[in-house]
Amino acid sequence: MTDMLREQTDVEQPDSTPSNNGHSPHDETGHHDHHHQPKGLMRWVLTTNHKEIGSLYLMFSFAMFLTGGAMAMVIRAELFQPGLQLVEPNFFNQMTTVHGLIMVFGAVMPAFTGLANWMVPLMIGAPDMALPRMNNWSFWILPFAFAMLLASLFMEGGGPNFGWTFYAPLSTTYSPASTGLFVFAIHIMGISSIMGAINVIVTIMNLRAPGMTYMKMPLFVWTWLITAFLLIAVMPVLAGAVTMVLTDKYFGTSFFDAAGGGDPVMFQHIFWFFGHPEVYIMILPSFGIISAIIPAFSRKKLFGYSSMVYATASIAGLSFLVWAHHMFTTGMPVAAELFFMYCTMLISVPTGVKVFNWVATMWRGSLTFEVPMLFAIAFIILFTIGGFSGLMLAITPADFQYHDTYFVVAHFHYVLVSGAIFSIMAAAYYWLPKWTGYMFDERLAKWHFWCSVVSVNILFFPMHFLGLAGMPRRIPDYALQFADVNMVVSIGGFLFGLSQFIFLAVIIKCVRGGEPAAAKPWDGAEGLEWTVPSPAPHHTFSTPPKVD
């Protein structure tokens with residue numbers, strides 16, 4: 001049966017079939033031409049196929065995840081015992097900075113973009129992304145950006161050492177000579193993100209299958225549409241911030257220098273106006289993934305679909321009104337602190353709606369606990385912990401106590417590791433049979449899940465108490481009373497890092513072969529992506545499917 005499916009996938013479908021906008025999708029792009037398709041490495045360099053570009057994004061993001069994770073291991077090894085053990089304080093600062101930059105811009109965001117490339121056209125019945133050549137370009141500039149960022153570590157004076165938030169004057173007056181490389185790398189990452197976002201919006205708006213109205217789109221498509229608008233809105237703000245850092249450092253301007261009439265606190269306002277929507281850019285696609293997986297393994301429709309759409313949109317809107325909750329200690333007027341406090345607490349309402357809807361979907365469902373479902377349930381529980389600690393940080397007078405301590409580190413890692421990264425792993429396991437045509441090793445994958453979920457809590461949960469006791473973040477040494485807890489945290493970090501090699505083993509084993517996957521390997525899964533064979537053919541939906 002699978003051999004027959006594979007033979008069908010190789011049959012070239014007619015180029016004359018009109019898509020739902022009245023034109024052949026092949027007329028303008030020309031990327032479905034088989035006759036001169038390059039082989040070997042050049043096939044990947046020149047590809048404009050959304051599935052191959054999605055795979056490139058996912059492979060790149062996993063490589064960056066391991067790179068950023070190696071830097072986290074350096075941080076945790078240094079903090080294993082009090083005193084300066086392994087690395088110089090300046091190098092420690094470089095590790096914390098580049099770890100953050102790589103995990104945000106190199107691991108989480110490209111992984112979601114890879115999932116969007118792979119799944120959005122399949123979910124909406126489109127033959128490809130709307131702008132395939134731009135799609136290729138938006139990926140291939142990324143490796144150069146990160147090569148530049150990593151190369152800065154080998155320059156005289158070292159790489160960026162001012163935190164991933166690169167506050168002025170640390171990133172201007174006191175920054176190393178490699179700051180120019182850092183700024184250029186950030187610009188290229190931003191260009192890539194904006195091109196990817198434009199592509200997603202144009203694809204969703206123009207290439208949906210006939211009958212697929214906006215309120216019939218899968219939640220993953222909705223969350224990515226909203227995320228794409230967020231990206232277009234805030235990436236230019238980041239570009240402006242890094243450009244001002246560049247001119248302050250190299251061209252004698254004084255945007256952030258009080259001696260020249262500038263204001264270092266203005267940098268924080270500009271950065272966090274980008275930075276807080278950025279946090280939601282890294283979590284909204286997760287909501288879409290979990291909203292696909294929970295109904296599939298509960299064998300029920302998603303509870304409250306339309307409320308989920310509106311909740312996602314309201315989270316995106318509110319994300320522009322909360323940036324200064326990162327700045328409660330900078331001396332803002334009390335009225336401003338109250339405004340940002342209440343707006344931040346307000347975001348918990350649509351987020352709570354989502355959690356309620358997921359739990360209501362599972363309620364009295366016919367649940368089974370395959371690996372994607374395990375990661376989805378872990379996401380709901382652990383992301384909620386991160387949400388509650390975020391509520392604590394929103395309360396202005398309390399934030400004065402928590403600010404710049406390990407409590408903040410615990411909070412955002414619960415959101416971004418057991419939130420964003422767990423959802424990416426859930427998505428990988430959920431769609432891996434569709435990508436490869438084979439079922440993954442369930443036993444090995446469960447080992448990966450349990451090792452990850454136990455170690456991630458050993459790693460991050462005790463950090464709440466370190467922070468409440470007053471341990472500052474971004475410091476390579478600490479007082480003796482924090483020694484025992486830091487040792488436990490570091491052991492959790494090493495275990496979590498090692499667990500990810502099980503994930504790598506599962507993926508490699510699945511790609512190489514195994515039990516052939518059916519077109520719909522999960523009983524309760526719904527959507528157009530399950531109507532195509534496994535593995536998904538190189539070209540799909542030359543004839544647009546009809547959606548009732």
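Is Asp 404 buried, partly exposed or exposed? In this predicted model, Asp 404 counts as partly exposed, with a relative accessibility of 33%. Its salt-bridge partner is Arg 473, and the closest N and O atoms of the two are 3.7 Å apart. Arg 473 sits in the loop between α16 (442-468) and α17, while Asp 404 belongs to the loop between α14 (396-402) and α15, so this pair ties together parts that are 69 residues apart in sequence. Arg 473 itself counts as buried, because its relative accessibility is 14%. Arg 474 joins in as well: Asp 404, Arg 473 and Arg 474 are linked in a network of salt bridges.

Let's look at other pairs. The whole structure holds 7 salt bridges, including one in which the side chains of Asp 441 and Lys 509 meet at 2.5 Å, N to O. Asp 441 is in the loop between α15 and α16 and Lys 509 is in helix α17, 68 residues apart. Asp 441 is partly exposed at 23% relative accessibility, and Lys 509 is partly exposed at 44%.

Glu 526 and Lys 301 form another salt bridge, at 2.9 Å from N to O. Here the parts tied together are 225 residues apart in sequence, since Glu 526 lies in the segment after α17 (483-512) and Lys 301 in the loop between α10 (284-298) and α11 (305-318). Glu 526 is exposed at 56%, and Lys 301 is exposed at 63%.

Now turn to the helices α5 (residues 89-124) and α15 (residues 406-436), whose axes come within 11 Å and cross at roughly 35 degrees. The crossing is left-handed. Among the residues that meet are Phe 112 and Trp 118 in α5, and Trp 431 and Trp 435 in α15. This contact comprises 13 nonpolar, 3 polar and no charged residues.

Conventions:
Residues are numbered from 1 along each chain as its sequence is written. This is a predicted model: local features need pLDDT of at least 70, side-chain atom pairs count only at pLDDT 80 or more; totals for chains, interfaces and linings use all residues. Side-chain values use heavy atoms; hydrogens and water are left out. Axes are lines fitted to C-alpha atoms, for helices over the stretch in contact, and angles run from 0 to 180 degrees between N-to-C directions. Helices (H or I, at least four residues) and strands (E, at least two) are DSSP runs, numbered from the N terminus. A crossing is left-handed if the near helix is turned anticlockwise from the far one by less than a right angle, and right-handed if clockwise. Contact means heavy atoms within 4.5 Å. Ala, Val, Leu, Ile, Met, Phe, Trp, Tyr, Cys and Pro count as nonpolar, Asp, Glu, Lys and Arg as charged, and the others, Gly among them, as polar. A salt bridge is a side-chain nitrogen of Lys or Arg within 4 Å of a carboxyl oxygen of Asp or Glu. Buried means under 20% relative accessible area, exposed over 50%, partly exposed in between (1.4 Å probe, protein chains only).
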